[in-house]
Amino acid sequence: MGRLSFSLATALFSTVAIPANVTAQARFESRVDMVAVDVCATDHHGQPVPVESSDLAVFDNGAHQQIVMFSPGDRVPLAITLLVDSSQSMHGGLLDRATAAAAALIEQLPADALVEVMSFNDHVTVPYPMGADHAQAERSLAELSPSGATALYEAVLVAIRDQQRAARNRADRYREVMVLLTDGENTAGWLDFDEVIDEARRSGILVYPVVVPPHDAPESGPPWQMMQLASDTGGETVGARDADDLTSIYERIAADVRNLYRIGYVPSPLIRDGAWHQIQIRAVGKDVVLRTRSGYYAPYP
């Protein structure tokens, strides 16, 4: 099995134990092949709404599935990468306000959350590797300064692989999240977006791009690449009007990732074909807005 397929097997479609503290709708052996996805449930104003497994209907390539695992968000610990654009485009105090907002997000996290701080311009640096020292993570943000070009796609790929490497070295399963601050412009590096989105889909990491408008196009919205990155991974793209919006945006993301639900199902029929499988989750008898990743790559036999 190649590297990408292995990443999928560990993150999405894997042999996992059903935790004792989740609701199971059917009896299975203690270890089963399961697709596990995170689901956000909100009202039409974006506020979290409580749901039960009976409120959700899951479809895999159009076939209705039975939910066998259901866990509220506060039962799944968090591992969050804060990926911050520190290129020259973040001059004029923008980077300072961005890092202050990222620090505010850290302060909203549970004490057991793991945090990693990464920054990028024409290369990627890791001021604070994945760990539980929130105060040190905040201090590392304050040390960033703007310079250089923007290798956005390479930075996202490095961050994904770093999360996967950390996950392989942990005994417990975490909800893995990336919060990406960028103006959406890729001005350096050699990667194209197709390679990045392919690996993001395979990773199981929720990506939340926070897009600040570039100085030369203040009215522009988030580019389609950032919107697809969020949609395909189950995160959300947030466009900031200016730097003053960043603190409230980061605090909202912190609340969002604490309130996600993790559900699991064993695909029926169980097909190991390496192909892309679309996931749809619909509300049953409840007026809620649901968000999850758009699909997953099934493993090979």
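Buried means under 20% relative accessible area, exposed means over 50%, and partly exposed lies in between (1.4 Å probe, protein chains only). Helices (H or I, at least four residues) and strands (E, at least two) are DSSP runs, numbered from the N terminus.

This is a predicted model, in which local features need pLDDT of at least 70 and side-chain atom pairs count only at pLDDT 80 or more, while totals for chains, interfaces and linings use all residues. Residues are numbered from 1 along each chain as its sequence is written, and side-chain values use heavy atoms, with hydrogens and water left out.

**Salt bridges**

- Side chains of opposite charge can pair when their charged atoms come close.
- A search of the whole structure finds 14 salt bridges, each defined as a side-chain nitrogen of Lys or Arg within 4 Å of a carboxyl oxygen of Asp or Glu.
- One of them joins the side chains of D38 and R262, at 3.0 Å from N to O. Because D38 lies in strand 2 (residues 31–42) and R262 in strand 12 (residues 261–265), this pair ties together parts that are 224 residues apart in sequence. Both D38 and R262 are buried.
- K286 forms a salt bridge with D55, and their closest N and O atoms are 3.8 Å apart. The pair links distant parts of the chain, 231 residues apart: K286 is in the loop between strand 13 (276–283) and strand 14 (289–291), and D55 is in the loop between strand 2 and strand 3 (56–60). K286 is partly exposed, at a relative accessible area of 34%, whereas D55 is buried at 14%.
- R97 forms a salt bridge with D244, with the closest N and O atoms 3.4 Å apart. R97 lies in helix 2 (residues 94–108) and D244 in the loop between strand 11 (238–239) and helix 7 (246–258), so the pair ties together parts that are 147 residues apart in sequence. R97 is partly exposed, with a relative accessible area of 37%, and D244 counts as exposed at 58% relative accessibility.

**Helix packing**

- Helix 4 and helix 5 pack at an angle of about 20°, with their axes 9 Å apart. Axes are lines fitted to C-alpha atoms, for helices over the stretch in contact, and angles run from 0 to 180 degrees between N-to-C directions.
- Helix 4 and helix 5 are therefore roughly parallel to each other, a term for angles under 35 degrees.
- In the contact (heavy atoms within 4.5 Å), Y153, V156, L157, I160, R161 and Q164 of helix 4 meet F193, E195, V196, E199, A200 and S203 of helix 5. These residues divide into seven nonpolar, two polar and three charged, where Ala, Val, Leu, Ile, Met, Phe, Trp, Tyr, Cys and Pro count as nonpolar, Asp, Glu, Lys and Arg as charged, and the others, Gly among them, as polar.

**Backbone features**

- G234 follows helix 6 and has a positive phi, near 95°.
- S268 and P269 are joined by a cis peptide bond, with omega about 5°. P269 is in the loop between strand 12 and strand 13.
- N61, a residue other than glycine, has a positive phi, near 50°. N61 is in the loop between strand 3 and strand 4 (63–65) and counts as partly exposed at 45% relative accessibility.

Conventions
Parallel < 35°, antiparallel > 145°, perpendicular 65-115°, else oblique.
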